[in-house]
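Here is a briefing on one structure. Take a look at the model before reading on.

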Amino acid sequence: MTSLLSLDALEVTFTRRGLRRTPVRAVDNVTFDVAEGETVGLIGESGSGKTTIGRAVLGLTPATGGHVTFRDEDITRLRAEDRARFAGSLQAVFQDPYSSLNPARTVGRSVAEPLQALGTPGEPELTARVTGMLKQVSLPSDAVDRYPHVFSGGQRQRVGIARAFSTRPDLVVCDEAISALDVVTQAQVLTLLQRLRADTGVALLFIAHNLPLVAYLAQRVVVLYRGRVMERGPAQDIHEHPLHPYTKALTLAVPGTDPAAQRARRAARAATVRENSANAAPPPSQGCPFAPRCPNVADVCLSRRPADTPVGDRVLACHMYDPYSGHPETAVTKEPA
Ligand SMILES: Nc1ncnc2c1ncn2[C@@H]1O[C@H](COP(=O)(O)OP(=O)(O)OP(=O)(O)O)[C@@H](O)[C@H]1O
Ligand code: SF4
Ligand SMILES: [Mg+2]
């Protein structure tokens, strides 16, 4: 498959204001790509750097290291006027459609805005594109003259999706696009995204907390912890057979409806990940960021950062999967000398 978007050793460091001006490395050496028409899921706990990656791709947050390549062009540090060339092909849908829609603007004007910015010729074509787009996202035809506040959360997210898809983009960054919706509405919006993807061949960078949901939509998944990629590879495989201790912990954290299954998951999680005080403990500066919480932690984990190690069609950053790391519980056998 041809690569549409590539992230190569991407780094984003924020310097917090205040006396100490401590730098926060929100994204640390992140590498993955998205093929034409592919959906890649980006998951991880709160603060793991998902939004920052999405914003760096969109040019909303400056990268402090590494590269973002889109259609073979390095877009990491483009000037605003050069980035404007990508405005139509790179779009975004955010979690809270209400804050990304101007309440004083009708839905029709909001959906038309990105098209107007691209200079779509003539009023008749603009009106046709906007009404066609609203129909595609299953909003009533009179939505065009109404204001965002009269719509439900799910309908407003449909407006946000119509706006993003109006320019016929190649890639849409969906940052927690369905997380704020109730379960039934989530399913409806997910179905809509699947339909649009099939109709338009768009690629999605789908950011969410919930691994089963991401595995349902995405072909591949990237698992982040403290700004670093812990595991990446085929979404369904990673969901069904997580290998990295952090991915295992994430799988067990998903809430369920069956109390007995929930109890079993809680017990399994207690055996899989050290929580509470370990959760707050700072990671070792040289080693694995997950070490304070990992049940498989060994000396090497505290002193050396795990390298990205290919394991079948996955890549894992864990000493257990690196046969040369010296970890006592190495999960991969060494090749014969
Ligand atoms: N503008 C900023 N200035 C300073 N620190 C920031 C800024 N934006 C994000 N951060 C920090 O970067 C880290 C990653 O944040 P980010 O919002 O990307 O995480 P996230 O995975 O999207 O979390 P969530 O699931 O809560 O949305 C966090 O430690 C956050 O506090
Ligand atoms: S490198 Fe060590 S601490 Fe990190 S996840 Fe693997 S076993 Fe756990
Ligand atoms: Mg976020």
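Tyr246 and Phe290 are both buried (under 20% relative accessible area, where exposed is over 50% and partly exposed is in between; 1.4 Å probe, protein chains only). The model is predicted: local features need pLDDT of at least 70, side-chain atom pairs count only at pLDDT 80 or more, and totals for chains, interfaces and linings use all residues. Residues are numbered from 1 along each chain as its sequence is written, chains are lettered from A and ligands numbered from 1 in the order in which they are written, and side-chain values use heavy atoms, with hydrogens and water left out.

**Aromatic cluster**

- The whole structure holds four aromatic pairs; rings of Phe, Tyr and Trp (its six-membered ring) pair if their centres lie within 6.5 Å, and planes under 30 degrees apart count as stacked, over 60 as edge-to-face and the rest as tilted.
- Tyr225 and Tyr246 make a tilted pair, with 4.6 Å centre to centre and 50° between the planes.
- Tyr225 sits in strand 9 (residues 220-225) and Tyr246 in helix 10 (residues 245-253), 21 residues apart; helices (H or I, at least four residues) and strands (E, at least two) are DSSP runs, numbered from the N terminus.
- Tyr225 counts as buried because its relative accessibility is 5%.
- For Tyr246, the relative accessible area is 0%, so Tyr246 is buried.
- Tyr246 also pairs edge-to-face with Phe290, at 5.3 Å centre to centre and 65° between the planes.
- Phe290 lies in the loop between helix 12 (277-280) and helix 13 (299-303) and Tyr246 in helix 10, so this pair ties together parts that are 44 residues apart in sequence.
- Tyr225, Tyr246 and Phe290 form one aromatic cluster.

**Ligand 2**

- Residues surrounding ligand 2 (a heavy atom within 4 Å) include His244, Pro245, Cys288, Cys294, Cys301, Cys318, His319 and His327.
- By class, this shell around ligand 2 has eight nonpolar, four polar and no charged residues. Nonpolar means Ala, Val, Leu, Ile, Met, Phe, Trp, Tyr, Cys and Pro; charged means Asp, Glu, Lys and Arg; the others, Gly among them, are polar.

**Ligand 1**

- Ligand 1 is surrounded by 13 residues, and the closest are Ser46, Gly47, Lys50, Thr51 and Thr52.
- An N or O atom in the Lys50 side chain is 2.7 Å from an oxygen atom of ligand 1.
- Thr51 places a polar side-chain atom 2.9 Å from an oxygen atom of ligand 1.
- In the His209 side chain, an N or O atom is 3.1 Å from an oxygen atom of ligand 1.

Technical notes:
A polar contact is a pair of N or O atoms within 3.5 Å; within protein, one must be able to donate a hydrogen and the other to accept it, and residues adjacent in sequence count only if both atoms are side-chain atoms.
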